[in-house]
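Me: I have a structure open and want to go through it with you. Can you take my questions as they come?

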Amino acid sequence: YLQISEPNEFDIMLVVPVPRIQLDESDDTGAFYYVSFKRSPKEKGWLKFFEEDGKLSAFKMLTALREIIKQEVKNIKDVEVTVARKKAGSPAITLQIKNPPSEISVDIILTLEAQHSWPLSTQGGLKIEPWLGTKNRRDLRFRSLYLVAKQNKTEKVLRGNTWRLSFSHIEKDIIKNHGNSKTCCESDGPKCCRKRCLKLLKYLLEQLKMQYPKELEKFCSYHVKTAFLHSCVTWPNDSDWHLGDLDHCFQRCLGFFVDCLQKSQLTHFFIPQYNLLSLEDKAKHHFLSRKISHELNNGFPVFHE
């Protein structure tokens, strides 16, 4: 329930359970890993996806999945469905579904699910204790580990065998059960504006990206979602998010995000050593910061266009 504008883009995680794995960091972000199996798998079908050094190849698995999807799409007769061209570095296989008057795009994201403790890099992340409580944090950290097939662009040799940690299932859970009190936004409980704030943040970025596609191509909704989650921790009480205070709360979240842009520092919510704003893109961060500040100071003209 966080779709904005016309709900015509959807993500589906295709979750593949894996046996016991070993994770080796591929860089210093704490987000990208090489995956290998601790022992030879019983299902021999896995073997064709290994590199010579025993690493599980994201590229090989994605290529095989793309072929399966292409074949299956041919069997769909009543709707026009096509597989979009591969986007460099994207972990998704995109289906375009023609359905006049609008087209729907569905991203299928290959995801490994491992019964594996969360890596050391996540230890200081998910600091939700003041907001959702210590027990909740502990329970969430016992959940399965998800890894998506994502190329690490900082590798010296790009082989396509890296996997990136994914916490979208945890984020979804947190946003769904977002209250400091258990009754927040329940049918008979007090209502808050957290979800509306997130929708507005996503909508603002989407509108600005449409105006400045080249300058803002590096930004995505995950940046504002991360800033929003940090805002929820900074202002942890339901009383900080009264439904009637939407205007104030939205501007407060935006102020937090602008501050991150100006410092070129937006810490990954689950991996504190990982900065989502590359220092090489400082000029782009300052550009977005200026555009958001202009919107803030002028009553959000982009919303009225």
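**Loops, salt bridges and distances**

Reply: Start with Lys182, which sits in the loop between H4 and H5. The model is a predicted one.

Me: Is Lys182 buried or exposed?

Reply: Lys182 is exposed, with a relative accessible area of 68%.

Me: What is phi for Leu126?

Reply: Phi of Leu126 is near 50°, again positive in a residue that is not glycine. Leu126 belongs to the loop between strand S6 (102-114) and helix H2 (129-132).

Me: Buried or exposed, for Leu126?

Reply: Buried: the relative accessible area of Leu126 is 0%.

Me: Change of topic. How many salt bridges does a search of the whole structure find?

Reply: Eleven salt bridges. In general, side chains of opposite charge can pair when their charged atoms come close.

Me: Which residue pairs with Glu103?

Reply: Lys98 does, with 3.2 Å from N to O. Glu103 is partly exposed at 34% relative accessibility, and Lys98 is partly exposed at 37%.

Me: What does Arg137 form a salt bridge with?

Reply: With Glu129; the closest N and O atoms are 3.7 Å apart. Arg137 counts as buried because its relative accessibility is 13%, and the cut-off for buried is under 20%. Glu129, at 26%, counts as partly exposed.

Me: What about Lys218, which partner does it have?

Reply: Lys218 forms a salt bridge with Asp281, and the closest N and O atoms are 3.4 Å apart.

Me: Where do the two residues of that pair lie?

Reply: Lys218 is in the loop between H5 and helix H6 (221-234), and Asp281 is in the loop between helix H7 (246-263) and helix H8 (282-297), so the pair ties together parts that are 63 residues apart in sequence.

Me: On to surface charge. Which residues form a positive patch?

Reply: Arg20, Lys38, Arg39 and Lys42 form a positive surface patch.

Me: Where is Arg39 placed?

Reply: In the loop between strand S3 (32-37) and helix H1 (58-73). Arg39 is exposed, with a relative accessible area of 56%.

Me: Back to Cys220. Where does it sit?

Reply: Cys220 is in the loop between H5 and H6, and at 36% relative accessibility Cys220 counts as partly exposed.

Me: How far is it from Cys220 to Gln251?

Reply: The C-alpha atoms of Cys220 and Gln251 are 19 Å apart, with the two residues 31 residues apart along the chain.

Me: And Val106, which element is that in?

Reply: Val106 is in strand S6. It is buried, with a relative accessible area of 11%. Val106 and Lys150 are 18 Å apart in space, C-alpha to C-alpha, and 44 residues apart in sequence.

Me: Last one: what does UniProt place at residues 193-293?

Reply: The unreviewed UniProt entry gives "domain: Mab-21-like HhH/H2TH-like" there.

Me: How much of that span is helix, and how much strand?

Reply: Residues 193-293 are 61% helix and 0% strand, and the end C-alpha atoms of the span lie 22 Å apart.

Methods. Residues are numbered from 1 along each chain as its sequence is written. This is a predicted model: local features need pLDDT of at least 70, side-chain atom pairs count only at pLDDT 80 or more; totals for chains, interfaces and linings use all residues. Side-chain values use heavy atoms; hydrogens and water are left out. UniProt positions are given in the numbering used here, feature names are shortened, and annotations may be inferred rather than shown by experiment. Helices (H or I, at least four residues) and strands (E, at least two) are DSSP runs, numbered from the N terminus. Patches are made of residues with over 30% relative accessible area and no salt bridge: like charges are joined within 9 Å, nonpolar side chains (Val, Leu, Ile, Met, Phe, Trp, Tyr) within 5 Å. Accessible areas come from the Shrake-Rupley method with a 1.4 Å probe; for residues, only the protein chains shown count as cover. A salt bridge is a side-chain nitrogen of Lys or Arg within 4 Å of a carboxyl oxygen of Asp or Glu. Lys and Arg count as positive and Asp and Glu as negative; His and the chain ends are not counted. The place of a charge is taken as NZ of Lys, CZ of Arg, CG of Asp or CD of Glu. Buried means under 20% relative accessible area, exposed over 50%, partly exposed in between (1.4 Å probe, protein chains only).
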